[in-house]
Amino acid sequence: MNQSRRFDPLLSRAQEAEDAAARELAQRQRALAEHEARLAELRRYAEEYAGSQMSATSPAQLANRRAFIDRLQSAVEQKSRTVDSNRQSVELERGRLLLASRDKQVLEQLAASYRAQERQVDERREQREMDDIGARRARLAALVSGESGT
């Protein structure tokens, strides 16, 4: 069982890589959820502010209101880009996790194959040993019966 044990450090590293990728994905998903929540709040506020009636009628007040609405819209667009960037990051990490899982699975299958081969070799060796013991007993029995017959 020497060959399959060589895979233990590789399997351990593969598991660590998979775990690290899973942690990173979870962190990225949390960040995405936070940014999506902030975007939703910002959109709600912008819609409420834009939909609210303004009692002031001076041109300066209207210009200030329009400028604030424009800044809100700009903030919504910026936050939307941040959310999109975070989504891409989540997808990238999801891909990394998938690759790490596949790498680990390949190593596990390879190690299992080596273990199965080693088991077969051991079983064949044990069978040969049992056959040798049986053959010795048969020769000994033949010798014993040959001596008693003389």
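What follows is a chat about aromatic pairs and one arginine in a predicted model.

Trainee: How many aromatic pairs does the structure hold?
Mentor: Four aromatic pairs. Keep in mind that this is a predicted model.

Trainee: Let's take Y45 and F68. Is that pair stacked or edge-to-face?
Mentor: The ring centres of Y45 and F68 are 6.4 Å apart and the planes stand at 85°, so the pair is edge-to-face. The cut-off here is that planes over 60 degrees apart count as edge-to-face.

Trainee: And which parts of the chain does the pair tie together?
Mentor: Y45 belongs to helix 2 (residues 7-51) and F68 to helix 3 (residues 59-148), so the pair links parts that are 23 residues apart in sequence.

Trainee: What is the relative accessible area of Y45, and of F68?
Mentor: Y45 has 41%, so Y45 is partly exposed. F68 is partly exposed too, with 25%.

Trainee: Which residues form an aromatic cluster with Y45?
Mentor: Y49 and F68; together with Y45 they form one aromatic cluster.

Trainee: New topic: R65. Where is R65 found, and what does its charged end sit over?
Mentor: R65 is in helix 3. Its charged end sits over the ring of Y49, 5.0 Å from the ring's centre.

Trainee: Nice. Is R65 buried or exposed?
Mentor: R65 is buried, yet it has no salt bridge.

Trainee: Which residues does R65 touch?
Mentor: Leaving out residues up to four places away in sequence, R65 touches Y49, A50, S52 and M54.

Methods
Residues numbered from 1 in each chain as written. Predicted model: local features only at pLDDT ≥ 70, side-chain atom pairs only at ≥ 80, totals over all residues. Heavy atoms only, no water. Phe/Tyr/Trp six-rings, centres within 6.5 Å; stacked < 30°, edge-to-face > 60°. Helix = DSSP H or I, 4+ residues; strand = E, 2+ residues; numbered from the N terminus. Buried < 20%, exposed > 50% of the residue type's maximum accessible area, 1.4 Å probe, protein only. Lys NZ or Arg CZ within 6 Å of the ring centre and 35° of its normal. Lys, Arg positive; Asp, Glu negative; His and termini not counted. Salt bridge = Lys/Arg side-chain N within 4 Å of Asp/Glu carboxyl O. Contact = heavy atoms within 4.5 Å.
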